[in-house]
Amino acid sequence: MAQVELRNITKKFRRHTALSELSLEIADGEFFVLLGPTGAGKTTTLRLIAGLDAPDSGSIVIGGADVGKWSAAERDVALVFQYYSLYPHYTVRENLEFPLKSKHRRFTAEEISSRVARAAKTLRIEHLLERKTDRLSGGEMQRVSIGRAIVREPRVFLMDEPLSNLDAKLREILRAELKDLQMKLGATFLYVTHDQVEAMSMGDKIGVLNHGRIVQIGTPHQIYHQPRDTFVATFVGSPAMNLLSGVMRDGRVVVVPGKLEIPVQREIAGELATSAADRVTLGVRSEDVVVGPGGGLEGQVYGVENHGVEKIVTLKVDEHLLKATVPARMAISVDSTVPFTFNPSKLRFFDAQTGAKLGSVKEA
Amino acid sequence: MAAIALKDVEKYFGDNYIIRKLNLEIEDREFLVLLGPSGCGKTTTLRAIAGLEDIDSGEILIGGQPVHKRQAADRDIAFVFQLFALYPHLTAYENIAFPLRATKESKAVVDQRVRAVAKALRIQTLLDKRPSALSGGDMQRVAIGRALVRRPKALLMDEPIGALDAKLREEMRAELKHIHRQNEATTVYVTHDQVEAMAMADKIAIMNEGVLQQVGSPAEVYHYPANLFVAQFIGSPIMNVVNGAVRPGEGYTQVLLGEDDAVLRFPSALYQKVVEHRHESDEIAIGVRPEGVLVARQSIDGYIPVEAHIIEPLGPYDIVDLKFGRQLLRSRTASGYVEKAGDVVWARLDEKQTHFFNTRTGESLQIKL
């Protein structure tokens, strides 16, 4: 197992800059998730670490050594793809043995069989070992693909959206299994996904990537509660964080004069006054929009979505729509007018122009 | 506007049935979602209503009239597909107005109807653009506008937002529902996504392998699933289900998870009800959603000690896997409530949120405590 470091990596494809000045550190034994939309540069990053591509500038350090000049095989990292890439006419056992039989490696027959047995036990696919891979379900195939990485006992696991071809229920199950596996192996994982639920639920740390740049690196808690800009705020979390554009006036953010004015805690108002122009974007998550008597603000119910344990209510104030999470048992009807308020300690503020977080507002 | 009814509808493909004895009533103005995994027969059902697919037996009524012998074009139904199917050389305005060409409406009436639909869909400013200049979400809005402008009796949609990204889907869900409330066309909406179904439906019809499993409001199918399939298809995270047993105790009922991985105390009425409901001495499957697994950091009467395994922080709350002996049950807790994997906490199952199923048939015993 090993620690991984990327230092100021830039990668261009012709005139398109895929990655610019990307730096990140993955600790030994850490589950690091690289999260971003399609085209953000996630897969490019994986390919550079694996040695399938070379950066234009910057360095890649694995286990303390600069691996820039090393071949893919020498780097001793394992890639698991979205597509299973198994040999269809071979059994599961043969597929698992395959990476150990390459001519670069000299394993004895006993070593090979014990590694395969160990991997099969870890992944709970012992009963499938003699089956041909074209007779497996999607979830089983993905387990075997992961098994092919495990038998090698690589220093680092690189995973490129390994669950995205599976259906929702299976993804949910494999999410927990993968996290469990990583903890058992104590392995260093770099896991790439566009799915924020996967990132939040599995990552020890998340690096959010957009347009080839790292926007924020932090624990799931930090990313969710202290997003560095409006991109992170809306990309992570479902529903997306509500963003309202307003003007700072007398300690209040005025979104719609008289109808949507949000008082701001004094120390925060002070900080905002010194740090920014008077236009701000206020961010608040749906669970911090509190619907109920004594709210002080009023909104018209535009829509109600049932989500089982809770409902998500869309409130309309003038032309502004915002989402609130309420308990499932709350009776609430469309078109009615309801009182609501915001949890004052959970308000976030962003620069109206750049979208960057304002102030050093602390989590209450 | 019109009600739709399917009576004993069957569809075969060779020896295999695609739809079996399907009875379903969709009320006038209702938003019904047909939900199920791929291959369950939901799209075939939708296509049969539209007249794009023949049925082998049964009847389909729209507004009380049998329609299965009529041509698709004569059914006064609009269909929206996952793929946008817009005319690339026409503007958004012309695309929406297209279905009105064949009608003999005056230009002024056409214009008024196109603009009214565009306003409802919030695409007034995009009417001069061609599809290639529109985003995926806007293209789908135009496609829906084209369906609505005819004021059809019924609107049929086949995964209309399935091709959009997660954030846009979230937005479009609310928009589509809002549009439905404004135009009130009877709507049948097909999806495999239970979140979409729960969020949008007045009524959900869940299908599996060609067989209708349950019809009910989102709250009904979530809180009172008819069988294990529905129980585990609806809801995320998936409902915990473990095999177990129910035994009489002194002043309470014992619920055993697994072989005897954990023994939990339930009200004494439970055993009586199980005896009443069970025709054979089958084993029982115990189902509980993560929010029905109650967790405490201290020992409380009726709670048993369990070890936290994996913690998934999802933002507003955490999903914590708890080890009840060898049985893993997922619970939903406040964010950060259980600090780390390996911690011992106390847990019990909320009796009002615990379901009991027949392990052989998968049917719910319909026990309410």
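How many bridges join strand 12 of chain A to strand 13 of chain A? I looked this up and found four, with the two strands running antiparallel.

**Entry 1: the model**

I noted that this is a predicted model, where local features need pLDDT of at least 70, side-chain atom pairs count only at pLDDT 80 or more, and totals for chains, interfaces and linings use all residues. Residues are numbered from 1 along each chain as its sequence is written, while chains are lettered from A and ligands numbered from 1 in the order in which they are written.

I checked confidence next. pLDDT is the predictor's confidence in each residue, from 0 to 100. Chain A has a mean of 91, and 97% of its residues reach 70 or more. Helices (H or I, at least four residues) and strands (E, at least two) are DSSP runs, numbered from the N terminus. In chain A, confidence is lowest in helix 10 (residues 266-275), at a mean of 73. It is highest in strand 3 (residues 31-35) of chain A, at 98.

**Entry 2**

Strand 11 (residues 242-249) pairs with strand 12 (residues 252-256) in the antiparallel sense, over three bridges. Arg249(A) has Arg252(A) as its bridge partner in strand 12. Two residues lie between these strands, and Asp250(A) in this hairpin takes a positive phi near 45°.

I then followed strand 12 into strand 13 (residues 260-263). Arg252(A) stands opposite Pro263(A) in strand 13. This hairpin has three residues between its strands, and Gly258(A) takes a positive phi near 80°.

**Entry 3: a four-stranded sheet**

I found an open sheet in chain A with the order 2-1-4-5 and antiparallel pairing. Its edge strands are strand 2 (16-26) and strand 5 (65-66), each pairing on one side only. Seven bridges join strand 1 (residues 4-13) and strand 2 of chain A. Ile9(A) has Leu22(A) as its bridge partner in strand 2.

**Entry 4: chain A against chain B**

I counted two residues as in contact if their C-beta atoms, placed from the backbone, lie within 7 Å. Which helix of chain A gives the most to the side that touches chain B? The contact takes 28 residues from chain A and 25 residues from chain B. Helix 6 of chain A gives the most to the chain A side, with six residues.

**Entry 5: domains of chain B**

The domain bounds come from an automatic or database domain assignment. I read domain 1 as 4-233 and domain 2 as 240-358. Their centres, taken over C-alpha atoms, are 40 Å apart. The contact takes four residues from domain 1 and five residues from domain 2.

Definitions and conventions. Two strands pair if DSSP finds at least two bridges between them.
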